[in-house]
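Here are my notes for anyone opening this one up for the first time. Have a look at the picture, then read on.

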Amino acid sequence: MVEDELALFDKSISEFWNKFKSTVSDTSCQMVGLRDTYKDSIKAFAEKLSVKLKEEERMVELFVEYQNQIHRQNKLIQEKKDNLLKLIAEVKGKKQELEVLTTNIQDLKEEYARKKETISTANKANEERLKRLQKSADLYKDRLGLEIRKIYGDKLQFIFTNIDPKHPENPFMFSLHLNEARDYEVSDSAPHLECLAEFQENVRKTNNFSAFLANVRKAFTAMVYN
C-alpha cells in the first residue's frame with residue numbers, strides 16, 4: 001500500500017516537473033522572442049530617428065543658408081539704395097550747377113548786350129565828335145593854317161602854321177585822343193605848352209572845342225612873341 005502511494009506520488013512529482021519545465025521553456029522562448037522584437041524595434045526606431053535627425057540638421061543648414069542669402073541680398077539692396085541716393089544727390093547738384101551756369105550765361109549775355117549798346121552809343125558819339133572835329137579842321141585849315149592828321153593809337157595830331165611871321169611854315173603841334181572815360185586827352189605838344197593841362201580841363205567841362213583850339217593857337221602865338 002505504502003509503496004503504491006509512493007509510486008503514485010513520485011509519478012505526480014514527475015508530471016508536475018515536466019509540466020513546469022515545459023511551461024518555463026515556453027515562457028523563455030516567448031521572452032527571447034519579445035527581446036528580439038524589442039531590439040529590432042529599437043534598432044528600427046534608432047534608424048528612423050537618425051534619419052529624422054539628419055533631415056532636421058539639413059533643414060537647419062538650409063534655413064541658416066537661406067538667412068545668409070537674405071542677409072547678403074539685404075546688404076546688396078542697401079548698397080544699391082545708397083548708391084542710388086548718392087547718384088540722385090549728384091544729379092540734383094549737377095542740375096543746380098546747370099541752373100547757376102544757365103543764369104550766369106544769361107547774365108553775361110545781358111551784360112554783353114548792354115556793353116554792346118554802350119559801345120555802339122559811344123561809337124556813334126565819337127563819330128559825331130569826329131565829324132565836328134573834321135568840320136572844325138576844315139574851317140581852321142582855311143582860316144588859321146590848321147592841319148589835322150590821324151596818327152598811331154587812334155590819336156589826332158593838330159598842326160598849326162602861319163604863327164611865326166618870320167617862319168610861317170614852322171609847325172606848332174599837339175596830339176589829342178579820347179580816353180576810356182570818353183574825355184579829351186591832350187599830349188605831345190611841340191613846343192611844350194605849360195597851360196595845355198588847363199586847356200584840357202576847360203574843354204572837358206565846356207565841350208567847346210573851337211574855343212580850345214583858339215586858346216592853344218593863342219598860347220603858341222604868345223610863345224613866339226615872347
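The points below go through the sheet, the helices beside it and one surface patch.

1. A word before the tour: this is a predicted model, so what you see is a prediction.

2. Start with the sheet. It is open and has four strands in the order β1-β2-β3-β4, paired antiparallel. The edges belong to β1 (146-151) and β4 (184-190); each has a single partner strand, so one side of each has no neighbour in the sheet. Neighbouring strands are turned against each other by 25° on average, ignoring direction.

3. Now walk across the pairings. β1 and β2 are joined by six bridges, in the antiparallel sense, and K150 has L156 of β2 as its bridge partner. The two strands make a hairpin with three residues between them, and in that turn G153 has a positive phi of about 65°.

4. Moving on, β2 and β3 pair antiparallel over five bridges, with Q157 standing opposite S175 in β3. Strand β3 (residues 172-178) is in turn joined to β4 by five bridges, again antiparallel. On that side, S175 faces S187 in β4.

5. Which helices pack on the sheet? Helix α2 (residues 196-206) does, touching β3 and β4, and its direction makes about 155° with that of β4. Helix α3 (residues 209-225) packs there too, touching β1, β2 (155-160), β3 and β4; its direction makes about 150° with that of β3.

6. How many residues of β2 are buried? Six of the six are, so β2 is largely enclosed by the rest of the structure. K155, Q157 and I159 point one way from the strand, while L156, F158 and F160 point the other way, and all are buried.

7. What does K155 touch, leaving aside neighbours within four places in sequence? Its contacts are R149, K150, S175, L176, H177, S187 and D188.

8. Last, go over to the surface. L84, L85, L87, I88 and V91 form a nonpolar patch there, with about 450 Å² of accessible area together. One of them, I88, lies in helix α1 (residues 2-144). Is I88 buried or partly exposed? At 36% relative accessibility, I88 counts as partly exposed, because that value lies between the cut-offs of 20% and 50%.

Technical notes:
Residues numbered from 1 in each chain as written. Predicted model: local features only at pLDDT ≥ 70, side-chain atom pairs only at ≥ 80, totals over all residues. Heavy atoms only, no water. Pairing = 2+ DSSP bridges. Axes fitted to C-alpha atoms, helices over the stretch in contact; angles between N-to-C directions. Contact = heavy atoms within 4.5 Å. Patch = residues over 30% accessible without salt bridge, like charges linked within 9 Å, V, L, I, M, F, W, Y side chains within 5 Å. Areas by Shrake-Rupley, 256 points an atom, 1.4 Å probe, with all protein chains shown as cover. Salt bridge = Lys/Arg side-chain N within 4 Å of Asp/Glu carboxyl O. Buried < 20%, exposed > 50% of the residue type's maximum accessible area, 1.4 Å probe, protein only.
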